[in-house]
Amino acid sequence: KQVSKRYALSGGGLFGKARSLRAVTDIDLVIRPGRSVGLVGESGCGKSTLAKIAAGFVPPSSGSVMVKGQPQRDSKGHIMPGRRKVQMVFQDPLAALDPRLTIGAQIEEALVLASGSKERLAERRDDLLRNVGLNPEFATRFPHELSGGQRQRVVISRALAAEPELLVCDEPLAALDVSVQAQILALLDELRRSMGLTLLFISHQLSTVRYLCDEVVVMYAGRIIEQGKTSGIYETPRHPYSTMLLATALDPRTRRKREGAIVGEAPNPIALPSGCPFHPRCSKADPALCMNERPPLRALDGGRLAACHFA
Ligand code: SF4
Ligand code: MG
């Protein structure tokens, strides 16, 4: 709900004014149970910040994260007990695991933390390993004895141990070999179908988002600029930035210097353009309007939202 995150910058600006970096601004996003939402946009657009806020790693500067209708944090900003129901899977599974503990011990730890019970612990641990396609024999191994893909399976199983209401995955495939990427993607899809897992999935690979996600959220300069059903966004993007982003993704051979391909650079979050933040790069911009007025995120037909004066 209205989530923003600003970072104060040290040193002050040119005229000694305090400056701040607006990482994300006024994000309103509802993720319904069992849905899988993909978050896309260029690096630096605020995807990872939003992911960390959703998962409770970073407190928002304003606004709040609600889990099942309840605020995730109390009035002092502390995560409320029993609300650690959002789990996160990062890019690098090795960094996410404790090198000194066996796989089994790490999953058991998560199980006990979440349920407060040690009953049938080994059995529950083995079930989790099987759920992510690992033989329960892996329980006795250490992270360094596993491949990258196996480690990411362990990270996912540990996240599932907490019975999350939402699993946030920030570029979970980026550190893996291409062949392994497909396997982990298939695993997430399978878990989504079999367990009704709710996902917020961040990826710069638009094809994986298309495969896995029911809905897509496009971010630009820290804001949501388009949102809607996956098929709709991919077939008929309504925001010129989405069109540009998809044009490069759909034809990987052509990158820059092609009409409809990525032009210009992502804006500097310390000095965002006036009006529509996309106007310096937009071929459809109306100078008078777009440089001066920021278009709000408006509802279009078919549940689509877009922030463009001409969408
Ligand atoms: Fe382009 Fe104007 Fe739409 Fe922004 S509001 S995306 S500058 S046409
Ligand atoms: Mg990132």
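By class, how many nonpolar, polar and charged residues does the shell around ligand 1 have?

Modeller: The shell around ligand 1 has nine nonpolar, three polar and one charged residues. Here Ala, Val, Leu, Ile, Met, Phe, Trp, Tyr, Cys and Pro count as nonpolar, Asp, Glu, Lys and Arg as charged, and the others, Gly among them, as polar. The 13 residues surrounding ligand 1 include Cys276, Cys282, Ala285, Cys290 and Cys308, which are the closest; a residue is near a molecule if its C-beta atom, placed from the backbone, lies within 6 Å of it.

This is a predicted model, in which local features need pLDDT of at least 70, side-chain atom pairs count only at pLDDT 80 or more, and totals for chains, interfaces and linings use all residues. Residues are numbered from 1 along each chain as its sequence is written, while chains are lettered from A and ligands numbered from 1 in the order in which they are written.

As for the fold, the protein has ten helices and twelve strands; these are DSSP runs numbered from the N terminus, helices being H or I of at least four residues and strands E of at least two. Eight strands form an open sheet with mixed pairing, in the order β6-β7-β8-β3-β9-β10-β12-β11, where strands pair if DSSP finds at least two bridges between them. Its edge strands, β6 (86-89) and β11 (298-299), each pair on one side only. Within the sheet, β9 (residues 215-220) and β10 (residues 223-229) run antiparallel and are joined by six bridges, with tyrosine 220 partnered by arginine 223 in β10.
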